[in-house]
Amino acid sequence: QVQLVESGGGLVQAGGSLRLSCAASGRTFSRYAMGWFRQAPGKEREFVAVIAWDGGYTYYADSVKGRFTISRDNAKNTVTLQMNSLKPEDTALYYCAAGRLGTRQYDYNYWGQGTQVTVSS
């Protein structure tokens, strides 16, 4: 069992940066790939980024590639999403998730409650 709690969301102007964190409980954190998803109002939840269990592989959605960076610290049971050059279209509720390496929601067994990111123009 893994419990996930996101933090770090907020309001930022376009072009700014935010750093999201996801704290995980449980001894099995390092066994899981970790992903970030987001959901904007009226839209489907979409994949943002994923990192393998050992941090040796990362993959990003085209919409965030080159602007966002995912990383993890297995000693601290945390995964972060550094978001730079933010755009208004990045506005969404951001979720972290634990599961197998993939880009689909069904690849993930555990989800956090989400943290809101709002980018003003």
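Let's start with Tyr108: this residue is buried, with a relative accessible area of 4% (buried means under 20%, exposed over 50%, partly exposed in between, using a 1.4 Å probe and protein chains only). Keep in mind that this is a predicted model, where local features need pLDDT of at least 70, side-chain atom pairs count only at pLDDT 80 or more, and totals for chains, interfaces and linings use all residues. Residues are numbered from 1 along each chain as its sequence is written, and side-chain values use heavy atoms, with hydrogens and water left out.

**Aromatic rings**

- The structure has seven aromatic pairs; rings of Phe, Tyr and Trp (its six-membered ring) pair if their centres lie within 6.5 Å, and planes under 30 degrees apart count as stacked, over 60 as edge-to-face and the rest as tilted.
- Take Phe37 and Tyr108: the ring centres are 5.3 Å apart and the planes are at 80°, so this pair is edge-to-face.
- Phe37 belongs to strand β4 (residues 33-39) and Tyr108 to strand β10 (residues 108-111), so their pairing ties together parts that are 71 residues apart in sequence. Strands (E, at least two residues) and helices (H or I, at least four) are DSSP runs, numbered from the N terminus.
- Phe37 is buried, with a relative accessible area of 1%.
- Tyr108 also pairs with Trp111, with centres 6.1 Å apart and planes at 65°, so that pair is edge-to-face.
- Trp111 is partly exposed, at a relative accessible area of 24%.
- Ring pairs join Phe37, Phe47, Tyr59, Tyr95, Tyr108 and Trp111 into a cluster.

**A charge over the rings**

- Arg45 has its charged end over the ring of Tyr95, 3.8 Å from the ring's centre. To count, NZ of Lys or CZ of Arg must be within 6 Å of the ring centre and within 35 degrees of the ring normal.
- The charged end of Arg45 also sits over the ring of Trp111, 4.8 Å from its centre.

**The disulfide**

- Searching the whole structure turns up one disulfide, meaning a pair of cysteine sulfur atoms within 2.5 Å.
- Its partners are Cys22 and Cys96, with sulfur atoms 1.9 Å apart.
- This pair links distant parts of the chain, as Cys22 is in strand β3 (residues 18-25) and Cys96 in strand β9 (residues 92-99), 74 residues apart.
- The torsion about the S-S bond of Cys22 and Cys96 is about 45°, so the disulfide is right-handed.
- Cys22 and Cys96 are both buried.
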